[in-house]
Structures are given as C-alpha cells and as structure tokens.
Amino acid sequence: MNITMIGTGYVGLVTGTCFAEFGHHVTCVDKIEAKITQLKAGKIPIYEPGLDLLVTKNVNEGRLQFTTQLEKAIPEAEAIFIAVGTPTSRRGDGYADLTYIYAAAKEVAHHLKGYTVIIDKSTVPVGTARQVARIIKEENPEADFNVASNPEFLREGAAISDFMRPDRVVIGVESDRSEQVLREVYKPLFLRDTPIVSTTIETAELTKYAANAFLAVKISFINEMAAVCEAVGANVSDLAKGIGMDGRIGNKFLHPGPGYGGSCFPKDTLALMRIVQEHGESVRIVEAAVEVNAAQKARMVKKIRDMLGGSESGKTIAILGLTFKPETDDMREAPAATILPALLEKGAHIKAHDPKGMKEAKEYLPESIEYMESSYDACKDADAVVLMTEWNQYRALDLERVKALMKEPVFIDLRNVYEAETMKAAGFRYTGVGK
Ligand code: UGA
C-alpha cells in the first residue's frame, strides 16, 4: 500500500517508519528542507530509542523515503496521514492552533488522484476532520476522498513498542470504504489480534483527549494522595500497590512525581477544557487535575527548600535529570523548567546533568545553570541532590561515592527511585514523594 505522511515531527516520523516496517511504501513529507536533508542522510532529529535503526533499515529496503515535494507524494497515495504540529495557540487561551493542519489540507486537495483517505493523526479538536473535508471539497470539488481520524497513543521513549504492540487502534470513519483502507493499513496488527475500535470521526477525535485527560487525572490523583500520605504518615508506594491491584483501578500511571510534563498532557488537558467550554459544558475533574499539577511543582520547590534547612540561598543543588521523562531529549513542559527557575530566583546555584537532554535544556532553562559531564560531577560540593527524572543510570548510583563528593548528604528523590531505609543506612538525609 502507498502511504503519505505529512509532517516528520515526533508522531509523523515514528508512525511513517512503523508503517514502512509493516511492509507499506511510505513517503514522509516535510516543508523544512534542512530536516529532510538530515533524514535523507540517515540523521534522526529526535532521540527515540530504536528509531534510527528502523529508519535506516526501511530506507535501505526501499520502503521509506523523505521529500519536501508534496505534489509528488500525493497522487500515488491511497492513505494520507496528516501529522503536523498542533501547538497551543499563541493567543494563550489553551486552544490548539490548527493553522498547519488546514494548510496541509489545502495543499493536498490539488494533487489528489483516485480515491484517497485523508486521516488526521495529529491530536485535533472535535470537528477538525470535518473542516479538513470542507477545505478539500472547496479547493477541489472533483476530488474522490473520505476523511478519517486515527489518534495516536504513543509514549515518547517507548513509541516503537507502543506502535508495534498497541492495546488498541482507534479509527474514526465516515464510510465502509475508508474503514477498509484503514484496516488494510493496520492489517499486520489485526493479524496479531490487536483490537480495532471503529467509531464515528467525532468519537475518535474525542477519545484521544479523553485518554490523555484520564491519565493526567490519574497522575494528579496519586500526587495528591502522596501529599496526604506525607501529612498522615502513610506510604504512597504501598498505597498505590494497594489500590492498583484492583483490576478496576489498574496499577499504571500511579507513580507520584514532580508533576506531569511533556508535549501532550499539559496541552491536551487545556485544549479539552476549551473544546468543552465551547459546547457549554465543563470538565471539572480535568480542571482540578491541571491545578493539582501546577501545585505539585510548587510543592516540590518547597520540599527542596525544607530539606535545605528553609532556604536555598547560596546553596549548591545537583539536579539529576532534566527532561520531562527518561529516554527522551524532550524538554517541553518539563517540571525542571518550572522548578529550577524558582530555585535560582531565590539564590541557589544549580549543577545539572541529563544523559540526553542537556542540549535541549539550554534552550528552556536560565543561563546560569552549570551543565556537568556526569552525575558525579554534578554532585561534587553539592548541598543537596535532587533526582528529577528517573533515567536508568540514576537508579544504581554509587551512593558512597555520591556522599563523599557532596558537601552535605541530602538526597531529594522526586521519583521515589530509592528506598528510605537504604538511603538512611548510606548516611543520607533522604526524602521521597509521599513517604
Ligand atoms: C502521553 C500518553 O501516555 C500517550 O499515550 C499519548 O499518545 C501521548 O501522551 C500523546 O498524546 O502523544 P508521553 O507524554 O510521551 O505520552 O509520556 P507519558 O509516559 O504518558 O508521561 C507523561 C508525563 O507524566 C511525564 O512527565 C511522566 O513523568 C508523568 N507520569 C507518568 C507520572 O508523573 N506518573 C506516572 O505514573 C506516569
């Protein structure tokens, strides 16, 4: 099958490459010439484990190609996926900015040949696919096409396995013919018994927001429970086990931390609130989750301050991990981008390390941060260590070495990687979240 992927951002590149791995012929299109030149040279603009190998393999086997020329990629395609960015609008009102989606629709319209399905892959407000259909019809009344929605549920850092072994695939379609095309696209998964949930277009569009909002609620819930645990002297990890083993609740996304970040939860919760308000309804639980998430970051600043004896002024803090989660170099909405400036403002000196994110971090964080070559370099002469992101390499630190390097043995574990007893035995003043 011939597939065109418009947009070689995170979603487009992973999805396009995985479709090629399925055996389809995929052309990935992007307007940014430098990006396409880079991809053609086998260089991947983002860090996602396994993606580089998969891109190289599929390019070499002739199933995956990159181009800036949309007009060449469209006529051959049976399915065209739109995976361009939908950032929060610059108006600052929480709406998703659909400029790139509509521009892509307009351009696609003029090059369509034969029956084609145009699928929104980007996370878009309910009603967007219908707008795409309207635009294509206006631009090219003769075009033979259907629109569809096929939201993605990929986690950064685990995107390839999420794609190859999904819990389900959701397709929102308006005709049997377009459903057949999408089932053909996902045939390899269908053969592996992956459930395909076929819905209306609007339901599929909303399902994506509902899934992310629900996960954000789950995280904010456990973060609030962590605060309650601290107040009453309970342990949130045991509590999470105690509730998570109930199959109705589930044990995933019950890890407390410094608040959720990334390019999805913060953006999608806000966008959902706006979509719902436009229809005269509200999602108060989601609003509360967003509030709790902001409060969680502030709570982490206070936790660090308290562990430093009430003031961070003049103190050196080692930060381990800067990205919003491990196995990515993505700094978008990373808790570090809120917590670190708050500490710097009050006179702290920050020495930071991250295995993959330091280059990105420099664009998001104040200049005064010192970036260190290794986690141990960061710990040297520190008054406290803050474990901000749970990269694997921070899970087995040489605690004796860390302690010997530090000025004061204070360890603030915002991801609950270590056990309090182990840390106390190693001579640290230790705190986690909710313990
Ligand atoms: C999220 C969803 O998990 C994907 O299903 C979805 O496709 C994607 O957004 C998207 O909309 O594109 P992602 O943002 O890559 O994926 O990362 P997650 O693993 O979901 O983590 C998001 C944030 O929540 C991170 O900051 C993470 O540290 C935090 N988190 C996650 C917790 O604090 N506790 C948890 O138990 C789980």
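Student: What is the volume of the largest cavity?

Tutor: It is about 40 Å³. Rolling a probe the size of a water molecule over the atoms shows where empty space is left. Here a cavity is a set of points, on a 1 Å grid over the protein atoms alone, where a 1.4 Å probe fits but cannot get out. The volume is the space filled by probe spheres set on the points, joined across faces, edges and corners. This is a predicted model, where local features need pLDDT of at least 70 and side-chain atom pairs 80 or more, while totals for chains, interfaces and linings use all residues. Residues are numbered from 1 along each chain, and side-chain values use heavy atoms, without hydrogens or water.

Student: Which residues line the largest cavity?

Tutor: D120, S122, T123, V124, S149, P151, A204, E205 and K208 (an atom within 4 Å of a point). Helix α10 (residues 201-232) gives the most, with 3 residues. Helices are DSSP runs (H or I, at least four residues), numbered from the N terminus.

Student: How do helix α5 and helix α6 cross?

Tutor: Axes are lines fitted to C-alpha atoms over the stretch in contact, with angles from 0 to 180 degrees between N-to-C directions. The axes of α5 (residues 99-109) and α6 (residues 128-139) come within 8 Å and cross at roughly 35°.

Student: Which residues of α5 and α6 meet?

Tutor: Contact means heavy atoms within 4.5 Å. From α5 come I101, Y102, A105, K106 and A109. They meet T128, Q131, V132, I135, I136 and E139 in α6.

Notes. Helix = DSSP H or I, 4+ residues; strand = E, 2+ residues; numbered from the N terminus. 1 Å grid on protein atoms, 1.4 Å probe; cavity = no way out; pocket = protein on both sides within 12 Å on 5 of 7 lines; lining within 4 Å.
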